[in-house]
Amino acid sequence: MFDSAEHTPDETTADLYWMEERLSGGQDPIAFGANNSGQGVGGSLLHWGAFCPRPDPRDLALESETGLGRDWPFGWDALASYIEAVEAVVGVSGAMNYPWGGSRFAYPPVMRNAPAHAMEKGAKAVGLTVSDAPAAVLSRDRLAGTTPFRGHCINCGACHQGCRTGAKGGADNSFLPMAVASGARIIANARVIDVERDVGGRIKAVIYRRHEQDHRLDCRALFLCAGGVETPRLLLNWGLGNASGEVGRNFMTHVATQVWGQFDADMSMNRGYPSSLISEQMVRPRDADFAGGYLIQSLGVMPVTLAGGFARGAGLWGAPLVERLRNYRRLAGIGINGECLPHDDNRLTLSDEVDDLGLRKARIDFSYGENERRLDAHARKTLTALWAAAGAQDIFAVARSAHTIGGCRMGDKSDGAVVDADGCSVEIDNLYLCDNSVFPSALSANPALTLMAVALRTADRFLHRTRTGDF
Ligand SMILES: Cc1cc2nc3c(=O)[nH]c(=O)nc-3n(C[C@H](O)[C@H](O)[C@H](O)COP(=O)(O)OP(=O)(O)OC[C@H]3O[C@@H](n4cnc5c(N)ncnc54)[C@H](O)[C@@H]3O)c2cc1C
Ligand code: SF4
């Protein structure tokens, strides 16, 4: 479990990120490293931003609505009770009268940081509705059932380095302690490197390496939940579940463009919970020339991360970059999380290079399609107008993507899906996949809440099988 005494909130030495090499290609290569996945008991939820919007029901059926993208194998009604269950377990704060779904939050909103106040001002001026954001962050202390005591948010701003008070919800302080209380055993610091199969092709054991020793663990069923890159990578390395050739295809991310500007006032965006304001108004913009839409959120980014983003996404380098960063205290930004359609050619494959465990490294080729480019252009215009109305000067955009999604699509076997609607491999009936890799489409909402809800649904469907003698 995350123990703050073992980690540092210093962004230059934080050790929660998955930093092993991944090769990145295509016209819009994805930046891997700290921004894209984590490691340890709790995974990326140890250092996620806890921005927790619900999936928009229309996004689950985007293909039916627009002819583009891909429908999920189930709709909102099949997911709603699991979304509510996740929100209750993890603890979500938000506005009393949330404009996009009424009053549903157990905790009052966390305090806004300075960029959130600026975003509210700009939004009012341009006629955009905003609200305190849904955040998996406790605004009050909590002691609940089999989960550990969690203190309230102290607005330190170190969410991406792991939360010191436990205010931020993640698997480590919610579902995992509950699982342990029900008999689960966690084997930390272990890497699964192989599986064994019986003559019928079912998985019968996993091999993992821990402290340089290999161990074997028998299993009746295997739930592979290694994340949007590692799950397809492991399946490809093992030659497993890929008769359709679909493993690794339809790799997605979110369009996560940001707009930055300089303010007269002190913004000190390293302080406070970063993503405290949201607008869902652009989930279906009236003047859109693209399918789907995007969320808008206020930001708070630490200096070194910011410098990397500016260099990569805005081409700032040398003296101009240093000049921007000298004024860090007066800089502030807003950003989007935008739909990304699945494309066959956006694909994770294996490179010829191997890692220290002897597994071939992942290579991800990714390019925006026409839909992503149009959405991006729309967002740049909207955000720039909003930021100018908020009083920002020297406004500039930063190209950026976020999250690793797809590669093991959920759907119908007849349609080449890798897993069925219950998360079970269409080829191996005791292999389940349960992470961002199974998303058939990216959705405009940030992924974690949906992912946890899908995980609960998958668990429910599996238990149903065991109860009905189907397993
Ligand atoms: C910096 C950052 C900020 C984010 N902010 C938000 C946000 O504000 N809102 C939101 O909705 N989403 C956010 N996300 C995304 C969210 O965290 C992910 O969508 C979610 O955690 C993905 O879960 P996962 O189970 O697919 O993968 P992960 O959380 O990456 O979990 C995979 C786990 O598998 C382990 N693993 C991998 N390979 C092996 C192996 N061979 N053997 C053993 N273990 C293995 C890894 O160590 C890791 O613990 C953010 C992500 C990052 C990185
Ligand atoms: S800002 Fe709040 S949620 Fe984020 S790390 Fe600090 S205490 Fe935790």
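Student: Which residue in β13 stands opposite Thr-349?
Tutor: Arg-363 in β13 stands opposite Thr-349. This is a predicted model, in which local features need pLDDT of at least 70 and side-chain atom pairs count only at pLDDT 80 or more, while totals for chains, interfaces and linings use all residues. Residues are numbered from 1 along each chain as its sequence is written, and chains are lettered from A and ligands numbered from 1 in the order in which they are written.

Student: What makes β1 a partner of β13?
Tutor: Three bridges join β1 to β13 (residues 360-365), so these strands also pair; here the direction is parallel. The bridge partner of Leu-23 in β13 is Arg-363, the residue that stands opposite Thr-349.

Student: Why are β1 and β12 called edge strands?
Tutor: The open sheet has the order β1-β13-β12, with mixed pairing. Both β1 (23-25) and β12 (347-354) pair on one side only. Neighbouring strands of this sheet are turned by 30 degrees against each other on average, direction ignored. Helix α5 lies across β12 and β13 and runs at about 65 degrees to β12.

Student: What is the order of the open sheet that contains β4?
Tutor: The order is β3-β4-β5, with antiparallel pairing. The edge strands are β3 and β5 (213-218), each pairing on one side only. The twist averages 25 degrees from one strand to the next. Seven bridges join β3 to β4 (residues 203-210), and Arg-191 has Arg-209 in β4 as its bridge partner.

Student: How do you know which term describes the arrangement of α3 and α8?
Tutor: Two packed helices are described by the angle between their axes and the distance between the axes. Axes are lines fitted to C-alpha atoms, for helices over the stretch in contact, and angles run from 0 to 180 degrees between N-to-C directions. Angles under 35 degrees count as roughly parallel, over 145 as roughly antiparallel, 65 to 115 as roughly perpendicular and the rest as oblique. Helix α3 (residues 114-126) and helix α8 (residues 370-389) pack at about 105 degrees, with axes 7 Å apart; they are therefore roughly perpendicular to each other.

Student: Which residues of α3 and α8 meet?
Tutor: Gly-122, Ala-123, Ala-125 and Val-126 in α3 meet Ala-385, Leu-386, Trp-387 and Ala-389 in α8, contact being C-beta atoms, placed from the backbone, within 7 Å. By class, this contact has seven nonpolar, one polar and no charged residues. Ala, Val, Leu, Ile, Met, Phe, Trp, Tyr, Cys and Pro count as nonpolar, Asp, Glu, Lys and Arg as charged, and the others as polar, Gly among them.

Student: How many residues surround ligand 1, and what makes a residue part of that shell?
Tutor: The C-beta atom, placed from the backbone, must lie within 6 Å of the molecule. For ligand 1 this gives 31 residues, the closest being Gly-43, Gly-49, Gly-227, Asp-435 and Asn-446. Two or more residues each come from β3 (190-197), α5 (227-238) and α9 (448-467), and α5 gives the most, with four. The shell has twelve nonpolar, 16 polar and three charged residues.

Student: Which residues come nearest to ligand 2?
Tutor: Of the 13 residues around ligand 2, Cys-153, Cys-156, Cys-159, Cys-163 and Lys-168 come nearest. Nine residues of this shell are nonpolar, three polar and one charged.

Conventions
Pairing = 2+ DSSP bridges. Contact = placed C-beta atoms within 7 Å.
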